[in-house]
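Welcome! Have the sequence and the 3D view ready, and try each exercise before you read its solution.

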Amino acid sequence: MKKFLQVLLLALLAGFLIGCSNNDSADEGAPDENTTNEETASEDTDGEDSAYPLTITDAIDNEVTLEEEPERIVSLMPSNTEITFALDQGDKVVGVSDNDTYPEEVLDIDKVGGMEFNVEVIISLDPDVVLAHESLVASSQEALDQLEDADIEVFTVADATDVDTTYETIENIGQVVNAEEEAEQLVTDMQADFAELEEITSEVAEEDRQSVFFEISPSPEIYTAGQNTFLDELLQIIHADNAAGDQEGWVEMDPEAIIELNPEVIISTYGSYVEDPIGEVTSRDGFDTVDAVANERIYDVDSDTVSRPGPRLVDGAREIAEAVYPELFDEE
Amino acid sequence: MKSNLLKYTLSLAFLISTMLIAISVGSVSVPIPEIIKIIGSEVFHLPIGDGVDPKSISIVYDIRLPRVILAGLVGASLAIAGAAFQGLLRNPLADPYILGVSSGASVGAVSTLFFNISIPFLGMYTLPFLSILSALATIMIVLFFAKKIDKTMRVESIILTGIIFSSFLGSIISLIIALTGEELQQIIGWLLGSVSMRGWKYVGIILPFLIVGGLLLLMNTRELNAMSFGEERAQHLGVDVEKRKMLILAAGSILTGAAVAVSGTIGFVGLVIPHLTRKLWGPDHIHLLPLSIITGAGFLILTDLLSRTIISPQVLPVGVITALVGAPVFAMILIKQKKEKGR
């Protein structure tokens, strides 16, 4: 029985790790695909407001045909939901995943499952389109197939791991929910906000650039974000350095190595489930020699805003920027 | 018959050399003379002299040293408990987790993480505290239950009871995992086992249990020898089988419970180290138990060292390394021994 448990755990962990690494590798391979999808998709609809029936190619090269403008939408991923709401189409969302928390309205919307989807519930909601996600394809292929068998249109949104791909997913969702103008506007606004952050932080002198260490999970298994993560990209935008920039993707770091890296700022993203995230860091033995601890420069940011590839990435970036360079934002 | 002196000298040499390497090597390598200076200044308040980076002091004294010592204590606890259980239950597949103690300790720990429990004055030690508490509760229930269904507490009854409790408690853990959200990674990380970032307090938590449990088992080595001929023979040899059995089961379970409470479920050590020690140095429990302590400690220190250096600065779960390193080593010893016998 013990064995069984261990096997189960290993399987879970493996799934978790593979999930993570898949995201990374998907990221490397994805851009070209996405752009081609994007092109074919936009060719279909160039010029006018989506004309029905509308055929769009999704992130896994499925052709999704919508007979008319969808009035009932089920979103299987919080980022899809957030984008749909940001496009002012939130009133059409009739089902969301268990993990959905934003905006507040989603709390009153029917839940269709978290890691595993309840196909029956989704079918009973009678959606015109289901917004799936590339990262779900591996784990929930059967469920998605069943939905398609039930004649429900499933549009798989690309698994964005950088800001540019996020813009593409916003435009894609804009097409599906018939809000292309809003999507364009949203992308323009996000670009402007990011440009503003970049502009403000560009005043930082080279020698004042801060090195930042992200903590995705608390001690003892301290995971951090290396290259090819949103967190890393957000740091680049705000002119800060990722202390773990030599690493790739999401990795568990040796605490000794963190002390040696000696980051000037530590930012945790686990405040939502750890009571005192800052105390968690400062109370660690041996961390008192780390600059971030000695200078009390430890902050917690909302993990959703920095991990969900949606409109709130800007908020996450701003929160990080204000934590890292408070002096630049006080003046405003 | 190899001489006892040789057995202990070689085992201790293994333990001491792994300790020295493990303290010196890591994400940051600290030369051994510097380590001696650091320990001298931290423990005996000797002047440290110039040229020692304060970060090195933090790393060696606050992080690496307690980690290495904790790994040693956990390895020792699991190995001696495994050796005693295998002897007592006359079952080569017995490991310290066989009585469901580790599942009990895990339920305590996983519930702490899941419900985010924090007992005011215990703070971050709530987890090991509740874990040990539920381990002790599990031992008592399991032994009580085994006694209830079979007054003489035959080996089969004990193993069966253990398996029933393991699977029951295991299903509770699976249930919690199924219900869990953001703490999933924490819970799985804990269940996979680790001695990282525990600090000196955890060393203090496990040490008394190791001393008490270890001494209890070491006092019963002759009885274990007698019982390996079968319980009836042992009874004829003047061993109070029932009482001793209870004592050994309780002591082994305490050791296991404390080890799981401070480090999670680290597999393989408790199963294989006793076998390995037996194959190398013979089945006499008088020497098997102390040698298992030394070998178990050295083995876990070594595997923990590998887990944090193989892909440094990233780390791997130590439980993965114990089996990855342990299984081939064990297979090699089995084959070698077979060849020697064949000649």
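This is a predicted model: local features need pLDDT of at least 70, side-chain atom pairs count only at pLDDT 80 or more; totals for chains, interfaces and linings use all residues.

Residues are numbered from 1 along each chain as its sequence is written, while chains are lettered from A and ligands numbered from 1 in the order in which they are written.

**Exercise 1. Find the order of the strands in the open sheet of chain A, and say which strands stand at the edges.**

Step 1: Helices (H or I, at least four residues) and strands (E, at least two) are DSSP runs, numbered from the N terminus. Two strands pair if DSSP finds at least two bridges between them.

Step 2: The order in chain A is β5-β4-β3-β6-β7, an open sheet of 5 strands with parallel pairing. At the edges are β5 (110–111) and β7 (153–157) of chain A; each has a single partner strand, so one side of each has no neighbour in the sheet.

Step 3: Look at one pair: β3 (residues 73–75) and β4 (residues 93–96) of chain A run parallel and are joined by 2 bridges. Here A:Ile73 stands opposite A:Val93.

**Exercise 2. Which strands do helices α2 and α4 of chain A lie across?**

Step 1: Axes are lines fitted to C-alpha atoms, for helices over the stretch in contact, and angles run from 0 to 180 degrees between N-to-C directions. Contact means that the C-beta atoms of two residues, placed from the backbone, lie within 7 Å.

Step 2: Helix α2 (residues 78–86) of chain A lies across β3, β4, β6 (129–133) and β7 of chain A, at about 140 degrees to β3(A).

Step 3: Helix α4 (residues 137–149) of chain A lies across β6 and β7 of chain A, and runs at about 155 degrees to β7(A).

**Exercise 3. Is A:Asn178, a residue with positive phi, buried or exposed?**

Step 1: A:Asn178 has phi near 60 degrees, and its place is the loop between α5 (163–176) and α6 (180–201) of chain A.

Step 2: A residue is buried if 20 or more other C-beta atoms lie within 10 Å of its own, exposed if 12 or fewer, and partly exposed in between, with C-beta atoms placed from the backbone.

Step 3: A:Asn178 has 21 C-beta neighbours inside 10 Å, so A:Asn178 counts as buried.

**Exercise 4. Describe B:Arg308 by its helix, its burial and its contacts.**

Step 1: B:Arg308 belongs to helix α13 of chain B.

Step 2: There are 28 C-beta neighbours inside 10 Å of B:Arg308, so B:Arg308 is buried.

Step 3: Leaving out residues up to four places away in sequence, B:Arg308 touches A:Asp254, B:Gly26 and B:Val315.
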